[in-house]
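Dear colleague,

Please find the structure below.

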Amino acid sequence: MFASRRQQPPAVRQVVPLTRGERLLASAETSDGGWVVATTADLVVVAAADDGPAVSLRRPWCDVDRAAFDPERSILTVEWVDAAPDLRPMLSDAAGSNLPAVVRERVLWSVVLAETVDVPGGTVRVAVRRRLDGTLFSQAVAGDGVDLSRADVANVVDATESRVRGACGLPG
């Protein structure tokens, strides 16, 4: 299938179990000897350790707010919807892997519809996202400095969420 799958060591494959219907799409070794693995369901980080590789992070694609790849430095940056610290692995052979392209494709696949709205204090991105099983749900991601608990912000976010949900056939 993908060349990166054949290059992945068996020990790494063993610590990334796949659920029924889930497939391995791409992987790349990191500069510290770990691996980043993309499956149809999740983005997985496998850390190198003296006693063997271990999964240090596994999150579904709908948890990714945005991702970017810097080809000059070979750094993949992943920002999370819950404001967890960014993931910033340096890939040891980015040219030999399709991981950056697969990460982009999976994030785009998970976003059905998104709208960014201005609110007091900044912006909020409201999106309808897709889980691996195809179910749709909505999420609101506040920009820096935005307080979602403010009534004037909540009113704008609620109206936007109702609109994007309706556009996707979900109840408002």
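How many residues lie between strand 8 and strand 9 in the hairpin that they form? There are 5 residues between the two strands, and Gly134 in the turn has a positive phi of about 95°. Please note that this is a predicted model, in which local features need pLDDT of at least 70, side-chain atom pairs count only at pLDDT 80 or more, and totals for chains, interfaces and linings use all residues. Residues are numbered from 1 along each chain as its sequence is written, and side-chain values use heavy atoms, with hydrogens and water left out.

Strand 8 covers residues 122–130 and strand 9 covers residues 136–142; they pair in the antiparallel sense over 7 bridges. Pairing requires that DSSP finds at least two bridges between two strands. Helices (H or I, at least four residues) and strands (E, at least two) are DSSP runs, numbered from the N terminus. Within this pair, Val128 stands opposite Ser138 in strand 9.

The largest nonpolar core comprises 19 residues, and those with the most contacts inside it are Leu43, Trp61, Val78, Leu99 and Val103. Such a core is a set of buried Ala, Val, Leu, Ile, Met, Phe, Trp, Tyr and Cys residues joined through side-chain atoms within 4.5 Å. Buried means under 20% relative accessible area, exposed over 50%, and partly exposed in between (1.4 Å probe, protein chains only). At least two residues of this core come from each of strand 1 (24–29), strand 2 (35–39), strand 3 (42–47), strand 6 (75–80) and helix 3 (99–110). Helix 3 gives the most, with 4 residues. Apart from this core lies another, of 10 residues, among them Val119, Val124, Val126 and Leu170.

Leaving aside neighbours within four places in sequence, Leu43 is in contact (heavy atoms within 4.5 Å) with residues including Val36, Leu57, Trp61, Val78 and Val103.

Ser74 has a positive phi of about 60° and is placed in the loop between strand 5 (64–70) and strand 6. Ser74 is buried, with a relative accessible area of 18%. Ala83 has a positive phi of about 65° and lies in the loop between strand 6 and helix 3. Ala83 counts as exposed, at 67% relative accessibility.

Yours sincerely
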